[in-house]
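Got a model open and wondering where the terms used for it come from? Let's take a few of them apart.

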Amino acid sequence: MEIWVLALLGGMVGAVLMDITETYAARIGVTSGVTIALVGRWCLYLMRGQFFHSNILSTRPHPQEVRAGWAFHFLIGGGGVALLYPLFFFATGLSYPASHLLGGVLFGLATSLLPWFILLPCFGWGVFGRRGPRGSNALLASMLSHVPYGLGVGVVLAVGSRA
């Protein structure tokens with residue numbers, strides 16, 4: 001039970017690290033084009049049954065999309081996705097890695113697949129976000145931001161499992 005709680009908390013810590021990294025990456029021109037408002041807009045449309053958009057930028061904004069975006073980002077994108085880390089080991093029967101730090105970073109890299117193949121295509125931007133907003137580089141931006149996400153998961157698991 002403890003590993004599941006630690007993974008959830010680690011995912012939330014990782015989401016904060018991801019946000020910090022995305023802020024600094026944007027300053028040097030590396031961005032995916034994804035904003036919290038767009039994540040919230042997608043989430044709110046998803047709750048109405050609309051999974052795909054031709055281009056989410058052309059959909060009608062919702063007054064609560066920023067709040068919904070933050071909630072989705074931390075609870076589902078951060079904590080919920082981090083539960084895939086222990087689930088992988090549970091489902092495969094493999095033992096946990098000797099270093100959760102390395103395991104977490106590798107997990108973070110693996111989670112780059114989620115925006116590339118789910119979120120960005122659902123936004124109408126295609127695989128890897130290749131039809132995203134002008135000047136965006138979702139391929140690079142996702143990898144840069146998901147490494148610190150995985151680091152957050154790994155650090156909390158490493159510290160928590162020793163306590």
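Here are some questions about pockets and a helix pair in this predicted model.

Q: Why is α6 called oblique to α7?
A: The two helices pack at an angle of about 120°, with their axes 10 Å apart. Roughly perpendicular covers 65 to 115 degrees and roughly antiparallel needs over 145, so an angle between those ranges counts as oblique. That makes α6 oblique to α7.

Q: What makes the contact of α6 with α7, and how do its residues divide into nonpolar, polar and charged?
A: Pro115, Trp116 and Leu120 come from α6, while α7 brings Ala138, Leu139, Ser142, Met143 and His146. Six of the contact residues are nonpolar, two are polar and none is charged. As for handedness, α6 passes α7 in a right-handed crossing.

Q: What makes up the lining of the largest pocket?
A: There are 37 lining residues, and Met18, Val34, Val39, His73 and Leu119 lie nearest the centre. The pocket holds about 840 Å³ of space. α1, α2, α3, α6 and α7 each supply at least two lining residues, with the largest share, eight residues, from α1. By type, the lining has 23 nonpolar, twelve polar and two charged residues.

Notes
Residues are numbered from 1 along each chain as its sequence is written. This is a predicted model: local features need pLDDT of at least 70, side-chain atom pairs count only at pLDDT 80 or more; totals for chains, interfaces and linings use all residues. Side-chain values use heavy atoms; hydrogens and water are left out. On a 1 Å grid over the protein atoms alone, a cavity is a set of points where a 1.4 Å probe fits but cannot get out, and a pocket is an open set with protein on both sides within 12 Å along at least five of seven lines; lining residues have an atom within 4 Å of a point. Grid points are joined across faces, edges and corners, and a volume is the space filled by probe spheres set on the points. Helices (H or I, at least four residues) and strands (E, at least two) are DSSP runs, numbered from the N terminus. Ala, Val, Leu, Ile, Met, Phe, Trp, Tyr, Cys and Pro count as nonpolar, Asp, Glu, Lys and Arg as charged, and the others, Gly among them, as polar. Axes are lines fitted to C-alpha atoms, for helices over the stretch in contact, and angles run from 0 to 180 degrees between N-to-C directions. Angles under 35 degrees count as roughly parallel, over 145 as roughly antiparallel, 65 to 115 as roughly perpendicular and the rest as oblique. A crossing is left-handed if the near helix is turned anticlockwise from the far one by less than a right angle, and right-handed if clockwise. Contact means heavy atoms within 4.5 Å.
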